Amino acid sequence: MEKVCAIVLAAGDGKRMRSSRPKVLCEVLFRPMICWIAGVLEECGVRDVCAVLGTGADQVHAAVPRFSWVEQKERLGTGHAVMQAKAFLQEHRGGDCAVLYGDTPLMDADTLQKAYLLHKKEGAAVTLVTASLPDPAGYGRIVRNEKGDVSGIVEQADADEKTLQIREINAGTYWFSVDFLLDALDRLRADNAQGEYYLTDVIGIAAALGRRVCGYQAVDSRVAMGANDRKGLLRLNEIARQAELERHMDSGVEIVCADGVVIAPGVVIGQDTTILPGTILKGRTVIGKNCVIGPNTAIEDSTVGDGCRINACQIEQSRLEENIKIGPFTRVRPNSHLKAGVKIGNFVEVKNSVIDENTAVAHLTYVGDSDVGKNVNFGCGTVTVNFDGHAKYRTVIGDDCFIGCNSNLIAPVEIGAGSYIAAGSTITDPVPDDALAIARARQVVKPGWARARRLRLGPRKK
Ligand code: UD1
Ligand code: CA
């Protein structure tokens, strides 16, 4: 594509969404709608992009920092929004400009590129993407003349009964000759049901001037769908979710039942991995081959090696090597690194720790700010006591240690390789290699004490 630029309309406050966020930051598969549009433009190699922003402009711009932007102070319609970018258009005279709406995130690069090819082939003043929707309610309808050429777009609010029957709708994605668009913007009037400057009127203006108008009908009509309210957003989420699941299944991922399985774009999953219901994978997450993930598992910004079994776990910003078995009900908090063959069981929390190969932490344990060696066995109920109310300290445990049940390891503390910690110990001092540390009061047994008490007070009350 030569001499191309794009304008993305994103100034709407999205009243119908009933959100404190600007509409274009509402998310589809955990990604703001405007970021989907940014991804499409990037994929098409369109780098010169101007966003028209209004409510929450700073927030929106932070989501698409590569875009330049202009402000639309008053929301007077999509045509008025493009008028705000006149200076940007003037810099691109002689070229072509795509205009996209920030609330149609399913638009794809293939459709945008094919519309551009048609636009250039036909030497059109404007080429718009259209789609046939089973339910066209709410969209602008495409009106064609007797020759079948697009002669205009009629908005829902301005349409008569007959026009409302038209199923072909405006996707809100256009290619304009920049020179034509600049001229047409000066001719726009707000004489319609909503008293707005409609960008869609530019199509009628082109047709009336005898300029070439092309309609590129999208092969997959779903690319045209926009979200104006939460129900629309759910519909887009469902379509995008299904498409992602199909992409993974096509590359050899097994999805037994898709209920509650949400995989964000960009997640990588290896062949023959099974994803069970209730699994949410997002961020920069990479899952290896031959894993079983779920049910009821959330993994974000993490790497999981081949052959792992992860059942009912929450994992964030961590790295799990191969053949790890964790869960059910394990929480792995940020900056944890579990090496190959580690086993972590129910009600265990790991945070900011390295756990070396084949170590087992089977139940009810907290491992925080720790460096744990290989082949260590944690008894049930161990706590690395990492925080004194002011600062955090590390616990270091050497290879082959055995940590008895219900032990507290008060950091900073170091347990030498091969050592044993007796159950119920509270360890405050370093333990050398191959030692046994016992840190609890010695047991006292008083023979006959209970019988004497019963005789004195009578039987215990129930
Ligand atoms: C618009 C189209 C309609 C099309 C549909 C596709 C017009 C007049 N109508 O309707 O033909 O079928 O999109 O989804 O263009 N915006 C601004 N400033 C404004 C108004 C809107 O930046 O003053 C932005 C919004 O943030 C949004 C986009 O433009 O991203 C579209 O606006 P919206 O009000 O949602 O238009 P629709 O009613 O959906
Ligand atoms: Ca819309």
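Residues are numbered from 1 along each chain as its sequence is written, and chains are lettered from A and ligands numbered from 1 in the order in which they are written. Because the model is predicted, local features need pLDDT of at least 70 and side-chain atom pairs count only at pLDDT 80 or more, while totals for chains, interfaces and linings use all residues; side-chain values use heavy atoms, with hydrogens and water left out.

The largest pocket has a volume of about 1,400 Å³. It is lined by 50 residues, and Arg16, Lys23, Asp103, Gly138 and Asn228 are the closest to its centre. Two or more lining residues come from each of β1 (4-10), α3 (78-83), β10 (168-177) and α9 (230-250). Here helices (H or I, at least four residues) and strands (E, at least two) are DSSP runs, numbered from the N terminus.

The second largest pocket has a volume of about 480 Å³. Of its 20 lining residues, Trp36, Leu106, Met107, Asp108 and Ala243 lie nearest its centre. Helix α9 gives the largest share of this lining, six residues, and α1 (33-43) also supplies at least two.

The cysteines are the next topic. A disulfide is a covalent bond between the sulfur atoms of two cysteines; it is counted here when the two sulfur atoms are within 2.5 Å. The structure holds zero disulfides. For cysteine 5, the nearest cysteine sulfur, that of cysteine 97, is 3.6 Å away. Cysteine 5 counts as buried (under 20% relative accessible area, with a 1.4 Å probe and protein chains only), because its relative accessibility is 0%. The sulfur of cysteine 313 is too far for a bond, because the closest cysteine sulfur, in cysteine 308, is 11 Å away.

Finally, an open sheet of nine strands runs in the order β14-β17-β20-β23-β26-β29-β32-β35-β38, with parallel pairing. Two strands pair if DSSP finds at least two bridges between them. At the edges stand β14 (268-269) and β38 (413-415); each has a single partner strand, so one side of each lacks a neighbour in the sheet. Within the sheet, β20 (residues 303-304) and β23 (residues 319-320) pair in the parallel sense over two bridges, and valine 304 stands opposite leucine 320 in β23.

Conventions:
On a 1 Å grid over the protein atoms alone, a cavity is a set of points where a 1.4 Å probe fits but cannot get out, and a pocket is an open set with protein on both sides within 12 Å along at least five of seven lines; lining residues have an atom within 4 Å of a point. Grid points are joined across faces, edges and corners, and a volume is the space filled by probe spheres set on the points. Buried means under 20% relative accessible area, exposed over 50%, partly exposed in between (1.4 Å probe, protein chains only).
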